[in-house]
Number of protein chains: 2
Amino acid sequence: MRGNIYVVGMGPGKEGMMTGDALAVLDGADLIVGYPVYLDQLGERFAKKEKYSTGMRQEKERCLYCIERAKEGKKVALVCSGDAGVYGMASLMLELSEEENDIEISVIPGITAALSGAALLGAPLSHDFCVISLSDLLTPAEGIERRLRAAAEGDFVIVLYNPQSRNRSGYMKRAADILMGSILGDRPCAYVKNIGREGEEAHICTLSELGDADIDMFTTVFIGNSKTRIIKDKLVTPRGMV
Amino acid sequence: MRGNIYVVGMGPGKEGMMTGDALAVLDGADLIVGYPVYLDQLGERFAKKEKYSTGMRQEKERCLYCIERAKEGKKVALVCSGDAGVYGMASLMLELSEEENDIEISVIPGITAALSGAALLGAPLSHDFCVISLSDLLTPAEGIERRLRAAAEGDFVIVLYNPQSRNRSGYMKRAADILMGSILGDRPCAYVKNIGREGEEAHICTLSELGDADIDMFTTVFIGNSKTRIIKDKLVTPRGMV
């Protein structure tokens with residue numbers, strides 16, 4: 001018996017931000033697995049589907065459950081917020097199924113927060129950019145700091161995921177301080193909260209203001225490059241560097 | 001009279017890879033503007049819509065036409081391949097409409113090639129990454145080289161857009177040589193061609209092989225970080241750096 005696992009990017013949350021392919025995969029799945037909040041976001045269309053969830057930091061158990069059910073011949077959809085790959089579950093699923101030969105794994109991309117946040121803000125990502133997570137749960141702090149310095153050195157637009165949380169306070173300030181080692185504090189920046197969900201907010205600010213801004217784990221932060229400017233309350237990076 | 005311009009990311013091309021919001025905006029638009037190839041990809045659903053296109057390097061004219069029609073009170077959709085912002089038209093549109101007060105501009109995100117390509121390859125973007133365009137049409141070569149060096153220094157996964165074309169040959173080899181200044185030639189890499197379209201191909205290779213690979217302007221290139229590995233012909237970057 002050959003089963004299928006689809007790792008599906010849900011985008012920011014509402015159905016209109018999912019692709020047709022992602023919706024079709026969920027329609028055709030025997031069961032949908034995910035973090036409880038994401039399953040709740042799926043709404044009426046998938047109300048009758050079998051569902052299974054595990055809590056935060058139970059990502060490995062979630063993947064192993066998908067493998068177990070796929071081995072029964074089921075079509076299993078594992079949903080991720082944003083994209084399926086960008087800090088998503090696709091890599092863990094591929095790693096954990098390395099020894100399984102009767103399961104096919106497919107990755108269905110979705111709109112990650114860098115893209116949905118950028119669209120809300122205007123056009124900050126029209127030139128080369130980096131995406132960096134400030135979470136040191138799985139990554140040593142020195143590795144994150146090295147990347148922040150390299151991103152500033154390369155004059156990239158920088159997008160920060162998981163900037164901080166109640167248990168990881170002060171991370172945004174530390175990151176801003178590192179960036180201000182080579183970037184002036186008046187650099188145009190922005191942050192967006194709860195993209196595509198209730199409580200959606202977009203704020204334009206400067207790099208020096210970011211450290212004390214009201215930033216939580218549902219916030220995505222944008223730091224402009226040397227050419228980024230503000231046009232009518234929008235954050236805009238020109239396409240060229242000329 | 002107040003008009004609207006929607007800058008819409010089409011994703012890689014086929015309708016299933018567009019979001020519901022993007023399709024709804026095109027359904028509701030009075031006219032659809034874009035580069036000819038992208039308009040052709042829209043297919044039957046939008047066959048009867050008024051359309052307008054300008055050729056390559058006529059991006060400014062395309063935006064100005066949108067502004068002109070929006071000022072008549074029309075709802076204008078400007079389509080971009082991939083995302084609307086990532087090397088897309090959103091920034092140029094916001095810049096060119098800076099002095100216009102009776103037009104509302106909205107950006108509708110789409111699946112950019114970094115995400116659609118990553119999904120085909122497995123999960124290369126599960127940790128911090130950079131997106132860099134190798135096109136020196138609007139960016140001086142030194143700026144691009146500086147970013148390549150910074151990306152390697154930061155141990156980012158690197159995604160290259162516009163790697164080379166008939167008129168810009170040898171660019172991939174030069175970029176690979178720069179990266180090999182600090183990355184070993186056996187680093188797992190990959191490239192994907194014609195994502196989501198006829199002729200779609202995915203290839204896994206090493207950094208030293210990239211320079212001579214069959215890479216054109218419809219190719220997106222992925223360079224793994226120090227932890228990226230190949231699992232059953234998939235390119236996988238683990239979520240942590242531990």
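Predicted model: local features only at pLDDT ≥ 70, side-chain atom pairs only at ≥ 80, totals over all residues.
Residues are numbered from 1 along each chain as its sequence is written, chains are lettered from A and ligands numbered from 1 in the order in which they are written, and side-chain values use heavy atoms, with hydrogens and water left out.

Let me start with the two copies. The same surface serves both, since 100% of the contact residues of chain A recur in chain B, contact meaning heavy atoms within 4.5 Å.

One link between the chains is a polar contact of 2.7 Å between the side chains of Thr139(B) and His127(A); the term stands for a pair of N or O atoms within 3.5 Å, where within protein one must be able to donate a hydrogen and the other to accept it, and residues adjacent in sequence count only if both atoms are side-chain atoms. Thr139(B) belongs to the loop between β7 (129-133) and α6 (141-153) of chain B, helices (H or I, at least four residues) and strands (E, at least two) being DSSP runs numbered from the N terminus. Thr139(B) is buried, at a relative accessible area of 5%, where buried means under 20%, exposed over 50% and partly exposed in between, with a 1.4 Å probe and protein chains only.

Turning to helix α1 of chain B, residues 20-28, we find Ala22(B), Leu23(B), Val25(B) and Leu26(B) buried. They cover an arc of only 160 degrees around the axis, which puts them on the same side of α1(B); the arc is that of the directions from the helix axis to the C-beta atoms. The buried residues of α1(B) pack against β1 (3-9), β2 (31-34), β4 (75-80) and β5 (103-108) of chain B.

Finally, the largest nonpolar core has 52 residues, of which Leu210(A) and Leu210(B) touch the most other members; such a core is a set of buried Ala, Val, Leu, Ile, Met, Phe, Trp, Tyr and Cys residues joined through side-chain atoms within 4.5 Å.
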